[in-house]
Amino acid sequence: MRFAPLLMVAALAAPLAALPAPPAMAQIPPPGAPMTFAPLAQRLLPAVVNIQTSQAAAQRQQQRPGAPPGGPEVPQAPPGSPFEEFFRDFLERNRPPGGQQPNRPQPPTRRGQSLGSGFIIDASGIIVTNNHVIDGADEINVVLSDNSTLRAELVGTDARTDIAVLRVQSDRPLPFVSFADSDTALVGDWVLAIGNPFGLGGSVTAGIVSARGRDIRQGPYDDFIQTDAAINRGNSGGPLFNLAGEVVGINTAIYSPSGGSIGIGFSIPANLARNIAAQLRDVGRVRRGWLGVNIQQVTEEIAESLSLPNGARGALVARAQEDGPAAAAGIQAGDVILRFNGQEVREMRSLPRIVADTPVGQESPVVVWREGREQTLNVTVRELPTEAAQAGTPSPTPDARPQTVELAGLGLTIGPITSETRERFSLRPESRGVVITEVSPGSPAAERELRPGDVIVEVQQERVNSPAEVQARLEALRRQNRATALLLIESAQGQRWVPLRLAAPRGSPG
């Protein structure tokens, strides 16, 4: 607004003939874009529903100290004022025996309301939405595009992917939409979001696919589609369409400091949602494949220490659970899983999704990097248990001399695991290896967040049982001119691989 008058004055001061010709305006809409989304929106709107849920809750009144339970709130005199003692005496004189109010009616109940969106995937009345839209609800109603309302039955939910399936009964076939192959959705493709923002009813917004494969720390299977189509509260559970009118994603979350749309929304990809929705519809729950491994990201330093070609890739196995399918197939700690069931594992977080989508009971080939070469193992996938079993069997305390060793250049002092160090560092009975007793500030070990009480289980994928073995392995790596040593570290949070930069051997240049 401030600059408009200045531009106007400049234009009027110049002779009309001297004004430069306006630049050619960009074609609107740009090439390849539809002239209007209206026909597509009109076709899709009837299959998108508004979801209203309610939950009964007892209305609790906040009461001041001294007020009778269930009674009305009473005035509170300021502490230290002349009226404080008067009110206290009044309440004590009028309090019934036992402090209870006889025959007092129960507090009224209220209905907690929430709004969301969903879409029909079958003419019989099967609806897909987000789990968080209906979570905890004792009544779910679905409002169709013609404003008719149907009571919905909850078929099944999956909290891990935030997907829920509902069913409604209708006296006529309902309009429905189909899932797309979301792997074909490219960054820059047009998309249409339809939903119930702020309870306003069927609203249509347009945008593009901004990014793929987003991990927003919502769960182990994060693989969100990011879009700049306006998504607000109430859009949760609604569909994200491609220009063919197919559901490419389920609108689930937004990034917003204010709570409103700033053009960063996230949708569950259709290829993940399709499988989950089908299982919920058919059996009411989800069966996921389970491998039974603890994994971590392969960094460039880890890749270097393992001589892994083509840089950091795959998922590094920190631990194979003793009762899991991976251990039964021969997968070991220190293996890097490169391919699973024919699919490339480009990074650690890809593996849980690939395994989860593998049919339970299926034997699948697994390509691992071990001892400098690729090896293929066959693993039979089992169903993911409700809670991961805690594997580990106690072993006797190693009989080692309580002697500590300083690892020069690394900032570490290590010692054997004895009854004294178990008690001092609260080590588990089954812990085996060498315990870190001191970490020098600012050292390579401190930079890798190693702490006293951490246990070194393996060095370069070989088990160690004494400080002397650790020292010997490190010296051997130095003689091989290896820049890093790969340590398997056990802490209270579990096991992880830590690449540690090695100092040059004593007496060598540099």
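1. Helix 5 makes the greatest contribution to the lining of the largest cavity, supplying four residues. The model under review is a predicted one. Helix 5 covers residues 270-283, and helix 8, covering 350-356, also supplies at least two residues of that lining.

2. The structure contains one cavity of 30 Å³ or more. The space inside the largest cavity comes to about 50 Å³.

3. Which residues line the largest cavity? They are Tyr221, Leu272, Asn275, Ile276, Gln279, Val286, Arg287, Arg288, Arg353, Ala356 and Asp357. By class, this lining consists of five nonpolar, two polar and four charged residues.

4. The second largest pocket holds about 600 Å³ of space. Its lining is made up of 17 residues, and Asp183, Asp223, Gln343, Arg353 and Ile354 are the closest to its centre. Two or more lining residues come from each of strand 8 (203-214), helix 5, strand 17 (343-344) and helix 8.

5. Which element gives the most to the lining of the second largest pocket? Helix 8 does, with three residues. The lining of this pocket has nine charged residues, together with five polar and three nonpolar ones. Arg353 deserves attention from the reader: this residue lines the largest cavity, and Arg353 is also listed among the residues closest to the centre of the second largest pocket.

6. In soluble globular proteins, nonpolar side chains tend to be buried together. The largest nonpolar core in this model has 29 residues, and Phe119, Val128, Ile163 and Phe241 have the most contacts inside it. Elements giving two or more residues to this core include helix 2 (38-44), strand 2 (109-122), strand 3 (126-129), strand 6 (163-168) and strand 7 (190-195). Strand 11 (247-254), strand 12 (265-269) and helix 5 are also among them. Helix 5 gives the most to this core, with six residues.

7. What does Val128 contact, leaving aside its neighbours within four places in sequence? The residues in contact with Val128 are then Gly118, Phe119, Ile121, Ile163, Ala164, Val165, Gly237, Ile250 and Ala277. Of these, Phe119 and Ile163 are named with Val128 among the residues having the most contacts inside the largest core.

Key:
Residues numbered from 1 in each chain as written. Predicted model: local features only at pLDDT ≥ 70, side-chain atom pairs only at ≥ 80, totals over all residues. Heavy atoms only, no water. 1 Å grid on protein atoms, 1.4 Å probe; cavity = no way out; pocket = protein on both sides within 12 Å on 5 of 7 lines; lining within 4 Å. Points joined across faces, edges and corners; volume = space filled by probe spheres on them. Nonpolar A, V, L, I, M, F, W, Y, C, P; charged D, E, K, R; others polar. Core = buried A, V, L, I, M, F, W, Y, C linked by side-chain atoms within 4.5 Å. Buried < 20%, exposed > 50% of the residue type's maximum accessible area, 1.4 Å probe, protein only. Contact = heavy atoms within 4.5 Å.
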